[in-house]
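The entries follow in the order in which I looked things up.

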Amino acid sequence: VTATYDYHPGNPVMGVMNFYTSTNTRQLIVADTQYVNRYNPLTDRLDDISQAVAYTGTNKDFWSWTNYQSAAGSPRLIFCNGRIGDVIQSYDGTTVTNYAYTLTGVATLNARQVFQNRDRLVLCQTIEDGVLKPRRIRISGFGANCDVFDTTAPGAGVIDIPDYSWCYGAAFNRDDLMIFTELGTWMLKYTN
């Protein structure tokens, strides 16, 4: 007897993302608390593309994502769930892998929110080696250093918001990234 079935654990959907390929076609990516799936238009189903280890998110851990080119100019989707124990992921159109970054002294990196600001990757409320940094903003370098967060890379840097309160969210206002904390609103301005 041959049985064909789909397994659905009933996890809540925590992220719906679009990945843009090099030919500018869109792939629909759907993430729940444990798995990442790609919509297959031929079968009208979601195909699991997760890594072998399931994510540890809860129904409060929304995914944040951005399409961000590699140093070689290849398109990729960078996404994170801001959960201690999980790490930032990268999707190249075929495979989901751990995001390959350079940050001296930090073995695992996650963030609550990820943005692309022009040619740089911006991580808000980072989780570095399992420790939540609720006021921290990390900015990558650019060009060949687009995945380097060390301050030795051109344009890279780290900012700890000086009002000593937690960052609760961020959003773009034209070219500026507005960051909302418990005590105020801060503006991250692109200065070249």
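**Entry 1: R118 and D175.** I began with R118, which is partly exposed at a relative accessible area of 45%. My cut-offs are under 20% relative accessible area for buried and over 50% for exposed, with partly exposed in between (1.4 Å probe, protein chains only). D175 is partly exposed too, at 44% relative accessibility. The two form a salt bridge, with 2.9 Å between the closest N and O atoms. I count a salt bridge when a side-chain nitrogen of Lys or Arg lies within 4 Å of a carboxyl oxygen of Asp or Glu. R118 is in the loop between strand 9 (109-117) and strand 10 (120-128), and D175 is in the loop between strand 14 (167-173) and strand 15 (176-181). The pair thus links distant parts of the chain, 57 residues apart. Strands here are DSSP runs (E, at least two residues), numbered from the N terminus.

**Entry 2: ground rules.** The model is predicted, so I noted that local features need pLDDT of at least 70 and side-chain atom pairs pLDDT 80 or more, while totals for chains, interfaces and linings use all residues. Residues are numbered from 1 along each chain as its sequence is written, and side-chain values use heavy atoms, with hydrogens and water left out.

**Entry 3: D176 and K189.** I then looked up D176, and found a salt bridge to K189 at 2.9 Å, N to O. D176 belongs to strand 15 and K189 to the segment after strand 16 (185-188); the pair links distant parts of the chain, 13 residues apart. Buried or exposed, what is D176? D176 counts as buried at 16% relative accessibility, whereas K189 is exposed at 52%.

**Entry 4: R76 and D147.** R76 and D147 meet through their side chains in a salt bridge of 2.6 Å, N to O. R76 lies in the loop between strand 5 (64-67) and strand 6 (77-80), and D147 in the loop between strand 12 (136-139) and strand 13 (157-160), so the pair ties together parts 71 residues apart in sequence. I recorded both R76 and D147 as buried.

**Entry 5: network and count.** I found E128, R136, R138 and D160 linked in a network of salt bridges. How many salt bridges does the rule give? The count comes to seven.

**Entry 6: N117.** Last, I checked N117, which is in strand 9 and buried, with a relative accessible area of 7%. Leaving out residues up to four places away in sequence, N117 touches V122, F172, D175 and Y190 (contact means heavy atoms within 4.5 Å).

Technical notes. Helices (H or I, at least four residues) and strands (E, at least two) are DSSP runs, numbered from the N terminus.
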